[in-house]
Amino acid sequence: MSTELLRLSGVRKRFGGFVVLNDVSFAVAAGEIVGLVGPNGSGKTTTINVISGLLRDDGGSIVFDGQDVGALPVHRRARLGINRTFQVPKVFRDMSVRENIEVAAHAGRLQPGQVDAILDEIGLARVAGQIAGSLTANQQKLLDLGRALATSPKLLLVDEIGAGLNPAELGAIATLLEKLAARGIAMIVVEHLLDFLNRITERVIVLGAGRMLFEGALEAASREPEVVAAFFGG
Ligand SMILES: Nc1ncnc2c1ncn2[C@@H]1O[C@H](COP(=O)(O)OP(=O)(O)O)[C@@H](O)[C@H]1O
Ligand SMILES: [Mg+2]
């Protein structure tokens, strides 16, 4: 039995006259990792933005943990357990790694001692005193993830964390995400790297121009003519 954590029903989003999300509907269970794929501009980040509350949807409903959250601002949704990472990591570059986690934790439910546990978990304990701006791209992504973890999320929205990473770094992040899921944290993972996604998910959602083209196993997605057309034009 899986417990439903999130359900989007008929979600729409426009920018002016441009429809970016059109009737997007899917559900995510507690502890489940769902992949979200699609060509550039297909609405993946916008989907994350309307779930996290950074953007307000223009129709449909977003129910999280039994509550309609569609009208709540970001901080209220974060308090309920929705948090995210950014395609370009949002860290405070002039603060230390530890301070970045502490500031995020302050807004959440974390005890001060748990900052060390997060630093260990994301593998940044050894650079905890360093200024975040001096970190590598990979370390900044891990720190962005650590900041999201500091809010004790039930649902983590992960936007292209794998882009630009080498195979060893990707492997480490896949292992970390699997560990978080095993602890019961659900995830929507936006990713272009299909091998990475294949390792951590059993189900993907494919967007094309703001519409859901497919939902199911990744290997089956590549056999869908509509999916192939969206990626390769046709
Ligand atoms: N704030 C915005 N204002 C206007 N158009 C936007 C805005 N954000 C995104 N878009 C457009 O919406 C579409 C979907 O963008 P996005 O969700 O970022 O796609 P993806 O993450 O799949 O690459 C794109 O055509 C993009 O240019
Ligand atoms: Mg994007």
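User: Does Gly-133 count as buried or exposed, and why?

Analyst: The model is a predicted one. Burial is judged by counting the C-beta atoms within 10 Å of a residue's own, and 12 or fewer make the residue exposed. Gly-133 has 11 such neighbours, and therefore it counts as exposed.

User: Where does Gly-133 lie in the secondary structure?

Analyst: Gly-133 sits in the loop that runs between α4 (114-121) and α5 (137-149).

User: Which residues does Gly-133 touch, leaving aside those up to four places away in sequence?

Analyst: The contacts of Gly-133 on that basis are Arg-93 and Asp-94. A further pairing can be read from the C-alpha atoms: Val-97 is 36 residues from Gly-133 in sequence, and their C-alpha atoms are 9.0 Å apart in space.

User: How is the protein chain divided into domains?

Analyst: Domain 1 is made of two segments, 1-81 + 154-234, and domain 2 covers 88-152. On the side of domain 1 that touches domain 2, the residues are five nonpolar, one polar and one charged. The contact itself involves seven residues of domain 1 and eight residues of domain 2. The C-alpha centres of the two domains are 23 Å apart.

User: How is the size of an interface often given?

Analyst: It is often expressed as the accessible area that is lost when the parts come together. For the two domains here, the description rests on residues in contact, seven from domain 1 and eight from domain 2.

User: How many helices and strands does the protein chain have, and how compact is the chain?

Analyst: There are nine helices and 10 strands. The radius of gyration is 17 Å, close to the 17 Å that the globule rule gives for 234 residues, so the chain is as compact as a globular protein of that length. Along the principal axes, the C-alpha atoms fill a box of roughly 50 × 40 × 40 Å.

User: What share of the residues is buried, and what share of contacts joins residues at least 24 apart?

Analyst: Of the 234 residues, 43% count as buried. Among contacts between residues at least 6 apart in sequence, 65% join residues at least 24 apart.

Technical notes. Residues numbered from 1 in each chain as written. Chains lettered and ligands numbered in written order. Predicted model: local features only at pLDDT ≥ 70, side-chain atom pairs only at ≥ 80, totals over all residues. Helix = DSSP H or I, 4+ residues; strand = E, 2+ residues; numbered from the N terminus. Buried ≥ 20, exposed ≤ 12 C-beta atoms within 10 Å, placed from the backbone. Domains from an automatic or database assignment. Nonpolar A, V, L, I, M, F, W, Y, C, P; charged D, E, K, R; others polar. Rg over C-alpha atoms; globule rule 2.2 N^0.38 Å.
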